[in-house]
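Please find below a colleague's note on the structure shown here. The points are numbered so that each may be checked in turn.

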Amino acid sequence: MRRSVSPLRRLPQVLVVVAASAAALAPPGDAAAFLWPNVPEQIARALTSGDVSERRLAATRVGELAPETAIQLIQKGMSDPDVEVRLHLAGAAVRFRMPRAGDLVIEWLGEGDARLRLAACDVIRAAPTDRSVVALGRVLGDPDPHVRLAAAAAMGAAGLPDAVSPLLGHLDDTAPEVRAEVARALGRIGDTRAVVPLIGKVQDSVPEVRKATARALGELGDARAVSALILALQDASQDVRVEAVTALGRLRSDDATSAIADVVAASPGALGAFPGARPADSGTSSNDVREAALRALGRIGSDAAVRVLLAALAKDDPAAPRSAVRDALVSAGKQSATVPALIAALAAAPSANTAAGAALVLGELKATGGLPAIVRGMQRGVVPLRHGLRALGALGDPAALPSVLELLGDVDPSVRREAIRAATALLDPARPDGRAVDPARALLVDPATPPDEKLALVQLLGRTGSPRAQEVLLPLAKARSAPLRLAVIEALGAARAAGKLGASVDAALLEALDDESADVRLRAAVSLSRVAGPGSARALLERLTVAAEQDRGALGIALSGALSRVADDAKDGRDKGLVQDVAAAIASAPDAARDALIEGLGRMPGQAAGAALAGMAAAAPIDDRRKIAESLAGHAAHAGAAAALRKLAGDADPGVRANAIWSLGAVGEGDALPLLPPLLEDPDAAVAGNAAGAIGRIAARAGQPARAAAALCGALSDARPYVRANALAGLTVARARCDGAAARDLLARDPAEAVRLAAADHLAQGGADDDRRALARCASEDRNATVAVRCARAVPPRAPASGAEDVVVFVVPFDAGRDGVARDAPAPRAPFALVRADGLMRLGVADRRGELFERGAPRGPIRLAVPAPLVK
């Protein structure tokens with residue numbers, strides 16, 4: 001089985017089909033093990049038994065219990081006379097992140113059994129307190145090096161300044177692994193008292209200690225370490241050199257640029273490029289060192305650093321999708337000197353590689369001031385055409401379109417294809433632009449144009465949003481070539497045409513809805529959902545009520561989109577009373593059509609549609625109530641919508657409650673906030689998680705971050721990962737912060753990926769020194785690549801996107817049956833977790849079609865995560 005969670009593009013009212021793993025929709029098994037109601041009582045009694053074997057067995061089962069029950073039993077059992085019982089309970093305390101558990105194990109630090117001392121260090125590391133961290137100081141002299149190492153790790157994880165002095169006293173520990181851990185701990189704490197002592201360890205005899213020391217000096221961010229780190233660039237260990245050059249980048253000291261330039265000048269992959277260099281056992285190559293040096297120069301971003309990076313472009317491959325040199329220049333692009341230097345390089349006589357690289361970097365930086373330089377470079381033959389076109393497409397400036405269109409008919413196929421891609425990227429159907437129509441049409445009708453280019457040209461014509469383009473496309477709607485026909489149908493749905501042309505487009509798409517091919521019907525439905533006019537809504541409604549079951553899915557997609565452009569008070573008499581017609585159809589429609597009709601009312605503007613939905617909410621069956629609760633998010637202007645959602649928020653069905661609370665987050669005002677904090681305690685994780693998200697959204701609209709913090713800071717300790725994650729995301733959306741280091745603690749210790757991702761976004765928004773250090777540690781230490789990358793970028797995902805769009809998502813499990821054929825139908829009532837571009841996570845169950853509708857989702861990538869019932 002496999003799982004795909006990456007929709008590749010989004011347009012207003014577009015169908016997004018997202019796949020969830022079959023495991024995500026299967027019975028949870030041991031991920032949510034069932035316990036009989038009397039089991040907690042049995043375990044509690046067994047923990048007080050006089051039979052030690054019975055107590056040991058009970059201690060192994062504490063981890064199966066609900067957190068609130070388990071924590072009470074752990075507190076009582078930590079003083080058990082049996083070592084095995086205490087060790088099992090310590091493991092459970094770490095797993096549950098038991099508050100103040102560190103204080104319960106302080107006495108263990110003096111036990112004769114090294115296992116207890118180790119376990120105490122682990123518990124304190126997971127749940128430190130001031131008292132427990134201070135107690136670790138004497139354990140740094142423990143005779144067992146494993147205990148000393150665990151104590152240093154716990155002190156570093158706590159991040160308390162009181163730990164600095166004891167740690168400094170053990171920088172010369174006889175065990176190299178302890179010395180390395182002490183250095184790491186000092187770097188995590190971030191106290192500059194450690195700088196000078198750590199400088200003395202840069203020449204330690206053990207590479208692992210030197211590596212940890214270099215990293216710690218970079219985390220401390222003190223310029224006094226620059227000279228020592230420059231010396232470390234000559235280290236015999238390539239791992240040490242990587243850490244040293246990375247640390248210099250963090251320090252952003254231009255004094256190190258010359259030394260880093262020598263690293264960059266070394267031939268990639270060559271061994272012995274530095275005095276004393278030899279192959280590293282770790283597998284780190286000299287090319288890894290060079291790439292780290294390039295990243296460091298990008299972070300320094302000075303004039304001298306940019307000159308070194310520009311020189312490195314000469315040996316770079318511009319055809320590669322990404323390169324370390326270009327990435328470093330993009331990073332340096334935040335500095336004011338970078339863009340002028342790139343433009344000046346194009347104006348000179350650079351090599352083809354340098355010119356192509358400089359153009360591509362200007363494109364990635366969206367530096368529109370570089371447009372004339374790129375175009376002149378292409379005209380002079382300095383910038384290779386296909387790389388220049390790629391740069392212009394990335395630049396995103398419509399002013400580049402004429403230069404791109406000139407190359408649509410180039411004799412070189414690679415140049416033609418890049419020109420088509422660039423022109424497509426520069427166009428936006430929401431802003432009609434007919435300049436590309438004539439050259440694209442000429443190539444489209446030319447018999448010599450290859451089929452793959454014709455498909456790309458059709459997409460280009462759709463992106464123009466021009467009526468003239470639709471006139472070109474309409475005759476091709478019945479093309480014999482199936483790929484061409486599908487491309488034309490999709491292009492016709494890129495922009496709404498007015499008047500007779502719009503009616504002709506609707507007619508062609510309606511005809512395609514009767515095609516024998518399911519792919520054609522689905523593509524036509526998606527296009528109709530984007531562009532269908534008022535007249536088509538009634539025709540689609542009539543079709544839906546009489547259609548065969550296999551056609552209702554496509555018709556429902558088309559109808560709900562068409563209704564979003566029909567107001568009940570339209571001047572056209574045919575559209576008067578359409579709300580009543582849709583509502584009447586709901587009463588008699590089969591289950592397969594009801595969700596589409598309810599969703600259509602949710603997307604239909606006007607007071608009447610909102611009133612119809614609110615009116616039918618109370619007496620509707622469960623599946624209808626779920627869909628109504630979701631659809632009321634589209635009627636913020638209707639006075640009854642919020643009132644209906646408040647009632648649905650107390651529904652007996654958790655799926656109804658989850659949808660109602662999420663929709664209340666979309667339409668509720670500040671007066672709705674008091675309703676939501678109690679729902680954070682709802683036993684259903686989807687309801688509680690959505691409540692956290694709704695609090696953040698409402699507080700953001702109301703401009704009341706303090707109210708978000710008051711409600712959500714406590715939820716950061718909730719036992720359910722998605723509740724913690726949405727509490728963090730809600731705080732981020734509301735631009736609120738909690739007191740203390742709660743988010744940094746979650747980033748460092750929380751076992752759930754979703755929580756650490758949300759913590760990274762939250763800390764990136766703050767920008768404090770402690771937050772930056774926490775993100776840097778996460779980027780280099782987190783074992784999850786997704787989390788590490790998020791921490792390295794240190795930019796909340798909501799920053800670059802603007803605007804919102806309606807999104808339809810189908811939850812599709814890929815599960816091979818007995819015959820080995822993958823099943824790819826949407827799963828009705830499937831649990832889902834939809835992660836939006838702003839980091840908020842919507843939780844719940846899909847409707848009877850396996851679909852969910854997200855009103856006004858922020859523009860940007862979305863994905864499905866593992867559903868809440870399967871996440872510990």
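The points that follow concern a predicted model.

1. The first point is a pair of packed helices. Two packed helices are described by the angle between their axes and the distance between the axes. Helix H17, residues 286-300, packs against helix H19, residues 324-332, at an angle of about 15°, and their axes are 7 Å apart. Because angles under 35 degrees count as roughly parallel, H17 is described as roughly parallel to H19. The crossing of H17 and H19 is right-handed.

2. Which residues make this contact? On the side of H17 they are Glu291, Leu294, Arg295, Gly298 and Arg299, and on the side of H19 they are Ala324, Val325, Ala328, Ser331 and Ala332.

3. The next point concerns glutamate 805, which lies in strand S2, residues 804-816. Is glutamate 805 buried or exposed? Its relative accessible area is 4%, so glutamate 805 counts as buried, the cut-off being under 20%. The side chain of glutamate 805 is joined to that of arginine 859 by a polar contact of 3.4 Å.

4. Arginine 97, in the loop between helix H5 (83-95) and helix H6 (101-104), has a phi near 50°, a positive value in a residue other than glycine. Lysine 366 is located in the loop between helix H21 (352-364) and helix H22 (371-380). The phi of lysine 366 is also positive, about 55°, although this residue is not a glycine. Lysine 366 counts as exposed because its relative accessibility is 51%, and the cut-off for exposed is over 50%.

How values were computed: Residues numbered from 1 in each chain as written. Predicted model: local features only at pLDDT ≥ 70, side-chain atom pairs only at ≥ 80, totals over all residues. Heavy atoms only, no water. Axes fitted to C-alpha atoms, helices over the stretch in contact; angles between N-to-C directions. Helix = DSSP H or I, 4+ residues; strand = E, 2+ residues; numbered from the N terminus. Parallel < 35°, antiparallel > 145°, perpendicular 65-115°, else oblique. Left-handed = near helix turned anticlockwise from the far one by under 90°. Contact = heavy atoms within 4.5 Å. Buried < 20%, exposed > 50% of the residue type's maximum accessible area, 1.4 Å probe, protein only. Polar contact = N/O pair within 3.5 Å; in protein donor to acceptor, adjacent residues only side chain to side chain.
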